[in-house]
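Reader: Can you take me through the surface and the charged pairs of this one?

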Amino acid sequence: MVMMVVCAQALVRLLVDHGDRGLLDGLPGGFLPTLLAYAVLTAAGVLLTGWAHSRAKALGRR
């Protein structure tokens with residue numbers, strides 16, 4: 001969940017201010033590769049959060 005929140009926030013920040021690349025500032029290639037990396041990391045965070053929630057529900061913790 002933390003990865004999803006951090007990457008989603010960075011993705012929005014990048015869309016608003018193209019020069020502020022956040023944690024992935026060292027990534028070569030500029031705006032588009034950074035945008036794609038944040039989008040992939042956000043999607044991975046969403047999938048992992050959903051999986052963890054489903055697993056907790058199945059174990060009776062939710």
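Author: What follows covers the salt bridges and a nonpolar patch. This is a predicted model, where local features need pLDDT of at least 70, side-chain atom pairs count only at pLDDT 80 or more, and totals for chains, interfaces and linings use all residues. Residues are numbered from 1 along each chain as its sequence is written, and side-chain values use heavy atoms, with hydrogens and water left out.

Reader: How many salt bridges does the structure hold?

Author: Two, a salt bridge being a side-chain nitrogen of Lys or Arg within 4 Å of a carboxyl oxygen of Asp or Glu.

Reader: Which residue does aspartate 20 pair with?

Author: Arginine 13, at 3.1 Å from N to O.

Reader: And aspartate 25?

Author: Aspartate 25 pairs with arginine 21, with 3.6 Å between the closest N and O atoms.

Reader: Is arginine 21 buried or exposed?

Author: Arginine 21 counts as buried because its relative accessibility is 15%; buried means under 20% relative accessible area, exposed over 50%, partly exposed in between (1.4 Å probe, protein chains only). Aspartate 25 is partly exposed at 49%.

Reader: Switching topic. Which residues make the nonpolar surface patch?

Author: Met3, Leu41, Leu48 and Trp51, over about 390 Å². Patch residues have over 30% relative accessible area and no salt bridge; like charges are joined within 9 Å, nonpolar side chains (Val, Leu, Ile, Met, Phe, Trp, Tyr) within 5 Å. Areas come from the Shrake-Rupley method with a 1.4 Å probe, and for residues only the protein chains shown count as cover.

Reader: Which helix gives the most to it?

Author: Helix H2, residues 31-58, with three residues. Helices (H or I, at least four residues) and strands (E, at least two) are DSSP runs, numbered from the N terminus.
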